[in-house]
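Visitor: I would like to learn how to read a structure like this one, feature by feature. Could we begin with the open spaces and then turn to the chains?

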2 protein chains.
Amino acid sequence: MNTKEIPYKIYLDEQEMPKQWYNLRADMNNKPAPLLNPSTLKPMTAEELSQVFCEELVKQELDNDTPYIDIPEPILKFYKMYRPAPLVRAYCLEEKLQTPAKIYYKFEGNNTSGSHKLNSAIAQAYYAKEQGLKGVTTETGAGQWGTALSMACAYFGLDCQVYMVKCSYEQKPFRREVMRTYGAAVTPSPSMETEIGRKILAEHPGTSGSLGCAISEAVEMAAKQDGYRYVLGSVLNQVLLHQTIIGLETKAALDKYGVKADMIIGCAGGGSNLGGLISPFMGEKLRGERDYQIIAVEPASCPSLTRGKFAYDYCDTGMVTPLQKMYTLGSNFIPSANHAGGLRYHGMSSILSQLYHDGLMEARSVEQTAVFAAATEFARVEGILPAPESAHAIYVAMEEAKKCKETGEEKTIVFGLTGTGYFDMFAYEKFNNGTMTDYIPTDEDLKQGFDGIPRFPGNEF
Amino acid sequence: MNTKEIPYKIYLDEQEMPKQWYNLRADMNNKPAPLLNPSTLKPMTAEELSQVFCEELVKQELDNDTPYIDIPEPILKFYKMYRPAPLVRAYCLEEKLQTPAKIYYKFEGNNTSGSHKLNSAIAQAYYAKEQGLKGVTTETGAGQWGTALSMACAYFGLDCQVYMVKCSYEQKPFRREVMRTYGAAVTPSPSMETEIGRKILAEHPGTSGSLGCAISEAVEMAAKQDGYRYVLGSVLNQVLLHQTIIGLETKAALDKYGVKADMIIGCAGGGSNLGGLISPFMGEKLRGERDYQIIAVEPASCPSLTRGKFAYDYCDTGMVTPLQKMYTLGSNFIPSANHAGGLRYHGMSSILSQLYHDGLMEARSVEQTAVFAAATEFARVEGILPAPESAHAIYVAMEEAKKCKETGEEKTIVFGLTGTGYFDMFAYEKFNNGTMTDYIPTDEDLKQGFDGIPRFPGNEF
């Protein structure tokens, strides 16, 4: 098909939307390592996990074999309210960059949560409702996950308690108000409401918090209340599973127009967006059907893949979660108040960590001011004001497109535009005023985090 | 076609998108009255108008005869970046309300300006660029128009100077930052930068401003600078013309599925969204092809249609603009700091005023807290957090759907969801905290405004 016929935005028809999630683990030769019980160092059983998570979600967490999992009808119905997300051909950006590359982005920002997070939130809320729970607790970094979960809980009539990383809470008061509008209770983390919050505040007075702290608090509160479970917006296998809707739609849209991607780029915090976006492409790669260059982009201020250790570590700062094998900066690593709140996480999805470890994908780290410059350039030509997280992927996509200009290669670049930056104007204001700074941790800074990673036989790094 | 087959969201294909705007005036028996020169009380000539507005836009302003006007290719190209806007079937809202009514809404919020305003902004920026201008000046109320114009100017490389109504400037600091990200200069109005601003501040110290004030300042600044013209986001015939893209897409989407609307509902401030949405339907009504119930919804705090006078009046507070025949509360009426900034305008589009005067449409005024309650209910079932302006239409659509439940009528209700409320969280916070109040001007309040309407033979009211 002639490239000229490709519209600016490819929308799948409702009947073309995926009806199943794709479980990439089924196609992985090296499966992600199991979660370990930190007391026994044995793999967590379904029973143990069910004390924290919903039962159906535990099944999904542990299922390394079923390649396709049906999306329940009520979730499909909710998906239809805000999906399919458009796959956009960035004609204007290509023109601006004068590149022979063909650039596409999957835009997940056309919903009130402002990001892809709603894809998993609605699934997790559904299973909680099905199990007869009263409510759920969670953490949120940039606020997208908390907003998404608030929306999902409002839809199914569940109580929603959100622990919001303090620096985001302060920088984004309006995010909090969106969550409240959807009926959620929002608490800045670390807080005095939990044991772990009080402990962290005692040790690090004035801390701006981190996803790791907020997770500890949310897990503690779920355990304390009857009829509550904890839900998480990233990192876990179940979350990546739900997020495969992104990649499946992307692939269906490309296939519809006979387009073959050469390169898939996504930002990586805990890995939910990247994992979801790349899954069907990585599946083809794993099955030897087709090769793709796959690039994870992370902030230089929180470089878990590019500078972390591949080891078992806690998912949270308070060390109340199971141990997960992943690229980690150490669960006690508290990143600087980098504005890409959603990328301020010390670890990385086990699935992505394993794939990266096996050389199936690359990782790059980029600095904040360069990212905001790319975000601003992108906004001016493509119209969409991107979330700082998403702008990490934009930056690398633009760099790759510029390389194509030099080499003359007509590569097809696909990147994930995970969301909008409407609640990140505090950060944009800093950039606009020229007061934004970059931060790269020194090896000494990182060493402190690594020292906190638990040591036991089989966990050498 | 069976109703069951209608998807949640109807997207036109790119080739189905309108290529022409529709000029409703060509089908009106009673044309909107011409703009008058306030000095001579004679109709404004193209030459006179060209001192303020771009030439091509002046032609559009004065053209009462050409039914269809081609959309220039560069504008069509820009439209493709964020349009077509979806026509959404509100299945979840229908279910929640248990109504036999079929509810559809045209959602214009899927772009960074957050509203329909971009439809005219890009057109006006294009014509300014074509004329070789350096830049444009404008006012903005809620901030959507200013954001839209900033985006359009960034795209075409024009300078953009925005006078933002002070109460919005203060309530929405992040809106300002979005405009700055797109390269615009933003000044709170009334300001000390203009003669009229200084005059208004002297007369009303501490005023929270109004669209009328901001218009005066922007017009003054356009006149003062070489190579600048003034552009306006609503009220004018040209703006309604550009906004017909909303109604044309809506009608094409309904026609595609064989759906006949019974009722069209839109919020009305200056009239740009309502005029654009209803135009093709009103055209059918005027030509006697089909009847529709058409409802304008305005805030009770600024009730130009329901309580205003149909008379010639200034479009601005400073009385620097031509006189326009319209429903008006008086150009010196300064509305309360109602949060629906975009609806805080003393007058109404001439076209809509004439249609209303001729009994071709209805108007209703609604109070703020009821509107926010409807907005919150809508957000929780349909996912989208609406702009307060849009929520006026939601409220009436929901009321009408509830009436259908009582009567058992299966009416098809179409309303305009002009935008998102992401920058209105200050107002939502007030509502969430239970501190939002209603304000309805007394007859005495209104009398003061009416006293300011100029009196001359032929302008009796």
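Guide: A term first: helices are DSSP runs of H or I with at least four residues, numbered from the N terminus. Please also keep in mind that this is a predicted model.

Visitor: Which helix gives the largest share of the lining of the second largest pocket?

Guide: Helix 9 of chain B does, with four residues. Helix 9 spans 195-203, and helix 18 (443-451) of chain B likewise supplies at least two residues of that lining.

Visitor: How is such a space found, and what else can be said of the second largest pocket?

Guide: Rolling a probe the size of a water molecule over the atoms shows where empty space is left. Here the second largest pocket holds about 420 Å³ of space, and of its 19 lining residues B:His204, B:Thr317, B:Asn332, B:Phe333 and B:Ile334 are closest to the centre.

Visitor: What lines the largest pocket?

Guide: The largest pocket, with about 620 Å³ of space, is lined by 30 residues, and those nearest its centre are A:Tyr11, A:Asp13, B:Tyr11, B:Leu12 and B:Asp13. Strand 1 (9-10) of chain A and strand 1 (9-10) of chain B each supply at least two residues of the lining, which divides into 14 nonpolar, two polar and 14 charged residues.

Visitor: What rotation superposes chain A on chain B?

Guide: A rotation of 180°, with 0.0 Å of shift along its axis, superposes them with an RMSD of 0.0 Å, which means that the relation is that of a two-fold axis. The same surface serves both copies, since 100% of the contact residues of chain A recur in chain B. Of the residues of chain A, A:Asn110 comes closest to the rotation axis, its C-alpha lying at 3.0 Å.

Notes:
Residues are numbered from 1 along each chain as its sequence is written. Chains are lettered from A and ligands numbered from 1 in the order in which they are written. This is a predicted model: local features need pLDDT of at least 70, side-chain atom pairs count only at pLDDT 80 or more; totals for chains, interfaces and linings use all residues. Side-chain values use heavy atoms; hydrogens and water are left out. Copies are superposed by least squares on the C-alpha atoms of residues with pLDDT of at least 70 in both. Contact means heavy atoms within 4.5 Å. On a 1 Å grid over the protein atoms alone, a cavity is a set of points where a 1.4 Å probe fits but cannot get out, and a pocket is an open set with protein on both sides within 12 Å along at least five of seven lines; lining residues have an atom within 4 Å of a point. Grid points are joined across faces, edges and corners, and a volume is the space filled by probe spheres set on the points. Ala, Val, Leu, Ile, Met, Phe, Trp, Tyr, Cys and Pro count as nonpolar, Asp, Glu, Lys and Arg as charged, and the others, Gly among them, as polar.
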